[in-house]
Amino acid sequence: MKKITLLSLLSLVIICSSFAQEYIQQMVDRILNQHNCGHYHFHETPALCQVLVNEKTLELYLEFDHQEDIASDLYDHLLESFLPALDEFRLKQLNFFVKTKDESKYNDLAHYFPHSKRAAYYPPQNKDPFPDLYSDLTKGPGNPHQGQVQPTGSLAGKTVWLSPGHGWKADNSNNNWLTQRGNTNDYVEDFGTVGGIDYYLQRYLYNAGANVWVVRERDVNTNEVVVNNDDGAPTYTETGAWTTSGSTGYNGSTYRFVNSAATEDATAIYTPTFTEEGWYWVSVYYREGANRSADTRYKINHAGGQTIVSINQEIHGQTWVYLGEYYFDAGSSGSVVLSNESNEIGQAIIADAVRFGGGMGSTTDCTFGGSPSGRPRFEEAARQYAQFQNYPTCENDVVIRPHYAEWELAKGTTTEQANAVYLSWHTNAFDGTADGTVTFAYDGTGSNPVTTGSYDFRDFVHAELASDILNGWDANWNDRGTNQANFGELRELTTMPGCLVEVAFHDNPDDVTALKTPAFRNLATRAMYQGIVKFFNDRDGSPIDLLPEPPTHLYAKNSNTGEVTVTWNAPTSGGGVVGDAATGYKVYLSTHGKGFADGIAVTGTSATFTGLQPSTTYYFQVTATNAGGESFPSATVAARTPAQGSTPAYLIVDGFDRLDRFGAVSQFESTALGTVDRMFLERMNRYDYMVEHARGLEYCDVAFDGTANEVVVDPTFNLCLYQGVDWITGEESTADFSLDTDEQAALIHYLDDGGNLIISGAEIGWDIGRSSSANASQSFYNNYLKSTYVGDDGQSYDFTGSSGDIFDGLSGTFDDSNNYDVEFPDRISPFGGATTVLEYVGGTGDGAGIAYKGSDFGVINVGFPLETIVDAATRNAIICEAVTYLTPNASCPFNLNLATSYPNGQVQYITAGNTISSSNTIVENGAIVVMDAGTTLCLDAGFEVELGGEFEGKIGGCGN
């Protein structure tokens, strides 16, 4: 039998005595010690005694000091570390042989890892006096769109368990907490995988109607509030006839129950107090039983309104069951109301505990004890989360992931158990040059058989993932195909199909660039979700209906008095990497801006809302729907109704679309990890920055419409309907254009016709005002934005108003942790009659904003995004002073700006019961005597103007 080494595939056996050889030493350092690959924390590094290639099989012989050093999590580490060698050296099989120093012969490594039986689940008993009426129902609706009820989609009735792999885990060797993977290319696998699942994959699955569980905490909000029935008033109150159970509830305390009824006559009200506003996942705790209601109803009163979610209290008890994610204001205005209304009469409704937010790690390690990690709970390993969720057995992190999943699955119904799958998402590492995607199923070499359907599940997920990466990301991506191995995470599955995806190599610079890019994560997770749909289609013959993409080109316009019309474009469809066509839409309406009421279903690409209150700001999001479920939401747009009439003074344009790896949050994690690039999407681009601008215009009582920048460049769009435009560019830059040529053309036409522009962003000057930029447009930047680009990065987050100018007395700070990091604010100086009105405090001390108001047009250009000003009062004051400077009568429903003087009585005004006012006019018997040219008349709604002689003037912002 031919035997060759891994190094050259030519030489013979390398044994322990030859450790001096440079290659083997590098192999030990690079893979076993994992300093370069990012796979490390082997507390007892095994000796690599022999590396053989036996035809197409790679054989590795390892020696350990003690048998207790051979742990299944180490086995999985070895598999992940060496499996890439198979592709790199064109091999097919990997075998490990190990022994300890007191053993004379090598054993197959799988010998040390027989199947570890998961903890058994036994339905708990209770003393509550209700008959057992067990229903085989799956868990009720969850949350596909933040703050809304889950729709029915292609995965309705299916359960998907997700494993983000590694996380913070106790290290007994130094009484510390360590991630299981290191920092490679400023990326840590433990954080990257959970971010992809929490922000993308679980949401795709929810939107498709799936019942989704995760083996690690899903809420990235580190705040946490738990309200227990034992807390009493004011946080817990009741109406109706509740009784204290003789059985125990949350934390060993009591719980309350009431009889279910066809009409509500009892409620339990949970009223948390939040120190910070934000998005909170809401979860509930109860003791399950066959005598519980299968449609227990919770009313979540959040910032956008009330959403009702039903769950089955017969199953999945004594753990935290998620109701959805909702936005809550700081304070105690939000609540959860548990109702006894049910379609099952005479069953128990259980009131125990309600939890808001993900919180910080609070459990000690189940073996080592010590102190809790103190890290965000969503970053902790499954070993910690399973314990937090009351999994009863202390096991290593690798096997506890599938064991916890199947223990919880056993608490569900038979229907749920028959329709569940398990997907684990990892990233890979080897030697810094290996790349690509591979997906594994269990190879059956352990004591367990391969779970039925696992190979099919693996193949469907991988086929979709590899195809979409090749077609939608990189045509040269390395599709490493499918494989099988004895991963503990897959070996321990006994009741549901499972696969493990190594999406990319985090030690390869090109691959990690993709992993850090939100668009790649979005593409990859959408592909995994679509692969799951196709697996169930193949198994069950169900239709392949894929979620649509989000709608685009939103425009919210005051279309009549008390009326706003929202229009949008249908999303891209047609196969390939994107979803199916939309067959309908949901419009979400809010007066809050962050939280939204439940969606309103519509069939076309517009919706008109009537009967709206005057001087009120309304916010809108739109999703697309089809038989597959519901898309992610669009960006937020807003419109404010005028005090009278239907003509708003301003238009807010949202031109901030950028979401890429350069917006990653660089965060120091620990001395072991250093600084890591984190994908906190809410701190990169929330797609709702129109809210901050809307609140600023609202503060000075200016009515406005709101739109996406793509709408404005349409040749049929008329910017001249507006006195002023507030244009948001955020951190749009060279790759995605702060202002492209079409946008510049629209603004040139608008400003040439006498318009007024407020524009802010951190990269406008860098992008178009810099001569060496690929997008340089210095003529526009100088002559229309009235600015000269001085340089990149003011090197300060502090600003102040220039003495004696419009922002004199105003100062503040931009870049808030709740916003995005404005790393390189433009340094600018005035051009062509403009003045510096904002300056950086500290740093370079250069200009941060200019203002210009001439007889031709007006413009205020700010070198940092206004929405990132930390203090809301300062932000509002800046916006209002800008409006007052550019358009002093913007709060008027309609403006008539006269270009020349008119003699007494030549311009007639027929009041129709209305009034006018101007410091330079006299009203006599309906005649307006215009004293000076340039006078602006503030006219109320319903006016008529009769012109005597030639009239020269401009109505609204521009246009004759």
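Trainee: Which residue is the bridge partner of L162 in β24?

Mentor: In β24, L162 has L423 as its bridge partner. Please keep in mind that this is a predicted model, in which local features need pLDDT of at least 70 and side-chain atom pairs count only at pLDDT 80 or more, while totals for chains, interfaces and linings use all residues. Residues are numbered from 1 along each chain as its sequence is written, and side-chain values use heavy atoms, with hydrogens and water left out.

Trainee: In which sense do β6 and β24 pair, and over how many bridges?

Mentor: Strand β6 (residues 159-163) and strand β24 (residues 420-428) pair in the parallel sense over five bridges. Two strands count as paired if DSSP finds at least two bridges between them. Strands are DSSP runs of E with at least two residues, helices are runs of H or I with at least four, and both are numbered from the N terminus.

Trainee: What is the strand order of the open sheet of six strands?

Mentor: The order is β11-β6-β24-β27-β25-β26, and the pairing is mixed. At the edges stand β11 (211-214) and β26 (479-485), each of which pairs on one side only. On average, neighbouring strands of this sheet are turned by 20° against each other, direction ignored.

Trainee: Which strands does helix α4 touch?

Mentor: Helix α4 (residues 189-207) packs on the sheet and touches β6, β11 and β24; its direction makes about 145° with that of β24. Contact means heavy atoms within 4.5 Å. Axes are lines fitted to C-alpha atoms, for helices over the stretch in contact, and angles run from 0 to 180 degrees between N-to-C directions. Helix α11 (residues 518-540) lies across β6, β24 and β27 (498-505), at about 150° to β24.

Trainee: Changing topic, how far apart are the end C-alpha atoms of α8?

Mentor: They are 27 Å apart, which agrees with the 27 Å that the 19 residues of helix α8 (residues 454-472) should span at 1.5 Å a residue. The expected span is 1.5 Å times one less than the number of residues.

Trainee: What covers the buried residues of α8?

Mentor: The cover includes β24, β25 (437-442), β26, β27 and α11. Among the buried residues of α8 are F457, V461, L465 and I469. Buried means under 20% relative accessible area, exposed over 50%, and partly exposed in between (1.4 Å probe, protein chains only).

Trainee: Is S454 buried or exposed?

Mentor: S454 counts as buried because its relative accessibility is 4%. Its side chain reaches the backbone nitrogen of G498 at 3.2 Å. Leaving aside neighbours within four places in sequence, S454 is in contact with A441, P497 and G498.

Trainee: Which residues touch the most other members of the largest nonpolar core?

Mentor: Of its 140 residues, they are F96, L205, F356, L423 and Y529. The largest share of this core, 10 residues, comes from α11. A nonpolar core is a set of buried Ala, Val, Leu, Ile, Met, Phe, Trp, Tyr and Cys residues joined through side-chain atoms within 4.5 Å.

Trainee: And how many residues of strand β2 are buried?

Mentor: Seven of the eight residues in β2 (residues 47-54) are buried. β2 pairs with strand β3 (residues 57-64) in the antiparallel sense over seven bridges, and V53 stands opposite L58 in β3. Their hairpin has two residues between the strands, and E55 takes a positive phi near 55° there.

Note on methods
Polar contact = N/O pair within 3.5 Å; in protein donor to acceptor, adjacent residues only side chain to side chain.
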